[in-house]
Amino acid sequence: MSKAITISEYGAPEVLRLSEVTVPEPGPGQVRIRTRAASVNPLDMKIRSGLMAGAGPAPFPVILGLDAAGVVDAVGEGADAAVGDEVLGATAGGGYSEYALLERPVAKPAALSWEVAASLVTVGRTASRVLGQLGVGEGQTLLVHGAGGSVGVIAVQLAAARGVTVIATAGEHDIERVTALGATAVRYGDGWVQRVEAAAPQGVDFVFDASGAGVLADSVALTGDSAHVITIADMSAAQHGVRFSAGGADQAEDALPQLVRSAAAGTLTLPVWRTYPLEQAATAHADLEAHRNRGKAVLLP
């Protein structure tokens, strides 16, 4: 048996409970890790609260956690790792646990911290996926909404590295940080359209909305084409003719090894705001829901 954070009902952060669970066994292509770090993602909170219940009933008890990093201690048939390897990846069955199963594990370089290794998976693949779906390239102008968040931070850096002119909306407290990543940052909120137009007199070719802040109609107007706007956070996308990118079969998994190498080399940064012991998962959720964080929250089992 091992310890894990489980939910047996939907609700507020208090439904997250430290429980005794059976140590999972890896299936074909999977590895089991002794978890060193597990990332907390917005989707975890949506699942916990019941916002995702419409997608299908939860097989309670549920262990949350999309991403984890740790040391391999068991290997399934055909898995590309060995016992003792330090790896990271997407979980199968949840990462808020002392032991977790990983699908398609990626080697963790020694220079990469456990906290960043666990944090990079979902946000990195999401940013890579959406940039690929938009098809934005060198010489074009991309507007990123919610650039102070973890997905936005990665998107800004990846786009800037491709020679894209990046305009980014962010909170006042994130302007300096986002600017340092290679974007022209402007304050979000009332008047953001005028500020973007002033920052990009050449116009905006594409928009990546990672904020869900009701910016789609104006974003479509800026680009002149709803096909040039993608959101990962605004459920009203269809009303504006905008694509909602939720991954599915297109998870950009092939992007992860390069993201890992770049992070280890220091050419890609992802801020970790705070770490929590496993038993404080409810506090981590409450902090993120109150928007206290300025970077990733990470559990340390």
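User: Which backbone oxygen does the side chain of Thr223 reach at 3.3 Å?

Analyst: This is a predicted model. Thr223 is found in helix H6. At 3.3 Å, its side chain reaches the backbone oxygen of Val220.

User: Is Thr223 buried or exposed?

Analyst: The cut-off for buried is under 20% relative accessible area. Thr223 has 16% relative accessibility, so the class is buried.

User: Which residues does Thr223 touch, not counting those up to four places away in sequence?

Analyst: Contact means heavy atoms within 4.5 Å. With residues up to four places away set aside, the list for Thr223 is Val204, Asp205, Phe206, Val207, His228 and Val229.

User: In which strand does Val207 lie, and what is its relative accessibility?

Analyst: Val207 belongs to residues 206-209, strand S11. Val207 counts as buried because its relative accessibility is 0%.

User: How far apart in space are Val207 and Ser39, C-alpha to C-alpha?

Analyst: In sequence, 168 residues separate Val207 and Ser39. In space, the C-alpha to C-alpha distance between Val207 and Ser39 is 27 Å.

User: Which residues is Val207 in contact with, leaving aside neighbours within four places in sequence?

Analyst: The sequence neighbours of Val207 within four places are left out. The contacts of Val207 are then Leu134, Leu142, Leu143, His145, Ser219, Thr223, His228, Val229 and Ile230.

User: How are helices H5 and H6 oriented: roughly parallel or roughly antiparallel?

Analyst: H5 spans residues 192-199 and H6 spans residues 216-223. They pack at about 25 degrees, with axes 11 Å apart. That angle makes the pair roughly parallel.

User: Is the crossing of H5 and H6 left-handed or right-handed, and how many charged residues are in the contact?

Analyst: The crossing of H5 and H6 is right-handed. H5 contributes Trp192, Val193, Val196 and Glu197, while H6 contributes Asp218, Ser219 and Leu222. By class, the contact of H5 with H6 has four nonpolar residues, one polar and, as charged residues, two.

User: Which side chain is joined to that of Thr231 by a polar contact of 2.8 Å?

Analyst: Thr231 sits in strand S12, residues 229-231. Thr231 is buried because its relative accessibility is 0%. Its side chain also reaches a backbone nitrogen at 3.0 Å, that of Ala233. The side-chain partner at 2.8 Å is Asp209.

User: Which residues does Thr231 touch, not counting those up to four places away in sequence?

Analyst: Residues up to four places from Thr231 are not counted. The list for Thr231 is Asp209, Leu216, Ala237, Val242, Arg243, Phe244 and Ser245.

Technical notes. Residues numbered from 1 in each chain as written. Predicted model: local features only at pLDDT ≥ 70, side-chain atom pairs only at ≥ 80, totals over all residues. Heavy atoms only, no water. Helix = DSSP H or I, 4+ residues; strand = E, 2+ residues; numbered from the N terminus. Buried < 20%, exposed > 50% of the residue type's maximum accessible area, 1.4 Å probe, protein only. Axes fitted to C-alpha atoms, helices over the stretch in contact; angles between N-to-C directions. Parallel < 35°, antiparallel > 145°, perpendicular 65-115°, else oblique. Left-handed = near helix turned anticlockwise from the far one by under 90°. Nonpolar A, V, L, I, M, F, W, Y, C, P; charged D, E, K, R; others polar. Polar contact = N/O pair within 3.5 Å; in protein donor to acceptor, adjacent residues only side chain to side chain.
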